Amino acid sequence: MEIIIRGASEEFAEKVIALAAQHHAELSISTVRPGWTVDRAERYLRDLTAGSRRMAEMVTVDGDGYLGADHLRSALGALNGPSNGLKRAVDRGIRKGWWPEGTPAPITPVSDPDNPSWHQNIAYRMDRDLVPVFREALTRIAAAKSAAESMGITPGGAGKTSASWAPGPAAVTDYLGDATPVDLDGGSLPHDDEGDGARECHVCHQLYEVDDQGTASHLDTARDTDHTPRS
């Protein structure tokens, strides 16, 4: 008897091996570890919206794995949209089978240890061993951007999160595979499960969010005085 199991956790595999040994079965088991590889990190980054990807890039590159929330806010505005996008991308990847259940979020918030009742985060961090992994993934994305530009692929426009291109060499399709279409300078389009997350305003091309009551406001709230953000 031959049993083939793919995508099993190590714990599950050990139990199956012990059971099969009692029946003299031959096993072929492929386990999947719930961790971050460069390939998974690249898929994760490509699946982020522009604001979330910029946040991930800043924590990884600018902060070398740890960056103060005030520094991030100075560049991104309010962080609830981008930070929610980081978490949702992990959950979405589990649902789509890109990485296994139990894969930890690569970037997590840091609360103030001296004031735990204060809910505003003081920083965002990444485990030190993940920093080189995500840096390599960012390098791949930058290389893909350069290759795409040399083949005539152009972004949809400054700050936009869509991309358009004329049919090009098969190498482009082979490289991108089934990755989410992205702006060469930004991230993916907002996903269907991000109704209360950050979106891009078609008027000023800046991020905005919709709260639980359906009220839309720019992450940079000063822009609300100019116009009402819209999807």
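**View 1. Salt bridges across the whole structure.** A search of the whole structure finds 10 salt bridges, and the views below take up several of them within what is a predicted model.

View 2. The closest N and O atoms of arginine 92 and aspartate 47 are 2.8 Å apart, and the two side chains form a salt bridge. This pair links distant parts of the chain, since arginine 92 belongs to helix H5 (residues 80-95) while aspartate 47 sits in the loop between helix H2 (38-46) and H3, 45 residues apart. Arginine 92 has a relative accessible area of 2% and is therefore buried, and aspartate 47, with a relative accessible area of 1%, is likewise buried.

View 3. The side chains of arginine 135 and aspartate 64 meet in a salt bridge, with a distance of 3.3 Å from N to O. Here too the pair links distant parts of the chain, with arginine 135 in helix H6 (residues 131-150) and aspartate 64 in the loop between H3 and S3, 71 residues apart. Arginine 135 is partly exposed at a relative accessible area of 35%, and aspartate 64 counts as partly exposed at 29% relative accessibility.

View 4. Lysine 87 forms a salt bridge with aspartate 91, and the closest N and O atoms of the two are 3.0 Å apart. Because lysine 87 and aspartate 91 are 4 residues apart in helix H5, about one helical turn separates them. Lysine 87 counts as exposed, at 53% relative accessibility, whereas aspartate 91 is partly exposed, with a relative accessible area of 31%.

View 5. Phenylalanine 134 is buried, with a relative accessible area of 1%. These residues belong to one aromatic cluster, which is formed by Trp36, Tyr44, Trp98, Trp99 and Phe134.

View 6. An open sheet is formed by 3 strands in the order S3-S5-S4, and the pairing is antiparallel. Strand S3 (66-68) and strand S4 (108-110) are the edge strands, each of which pairs on one side only. From one strand to the next, the twist averages 25°. S4 and strand S5 (residues 123-125) run antiparallel and are joined by 3 bridges, and within this part of the sheet valine 110 stands opposite alanine 123 in S5. Helix H3 (residues 50-62) lies across S3 and S5, and runs at about 115° to S3.

**View 7. Confidence of the prediction along the chain.** The chain averages a pLDDT of 74, and 62% of the residues score at least 70. Over residues 155-190 the pLDDT stays under 50, and for this stretch the model has 69 contacts beyond four places in sequence. The pLDDT also stays under 50 over residues 192-197, for which the model has 16 contacts beyond four places in sequence.

How values were computed
Residues are numbered from 1 along each chain as its sequence is written. This is a predicted model: local features need pLDDT of at least 70, side-chain atom pairs count only at pLDDT 80 or more; totals for chains, interfaces and linings use all residues. Side-chain values use heavy atoms; hydrogens and water are left out. Two strands pair if DSSP finds at least two bridges between them. Helices (H or I, at least four residues) and strands (E, at least two) are DSSP runs, numbered from the N terminus. Axes are lines fitted to C-alpha atoms, for helices over the stretch in contact, and angles run from 0 to 180 degrees between N-to-C directions. Contact means heavy atoms within 4.5 Å. pLDDT is the predictor's confidence in each residue, from 0 to 100. A salt bridge is a side-chain nitrogen of Lys or Arg within 4 Å of a carboxyl oxygen of Asp or Glu. Buried means under 20% relative accessible area, exposed over 50%, partly exposed in between (1.4 Å probe, protein chains only). Rings of Phe, Tyr and Trp (its six-membered ring) pair if their centres lie within 6.5 Å; planes under 30 degrees apart count as stacked, over 60 as edge-to-face and the rest as tilted.
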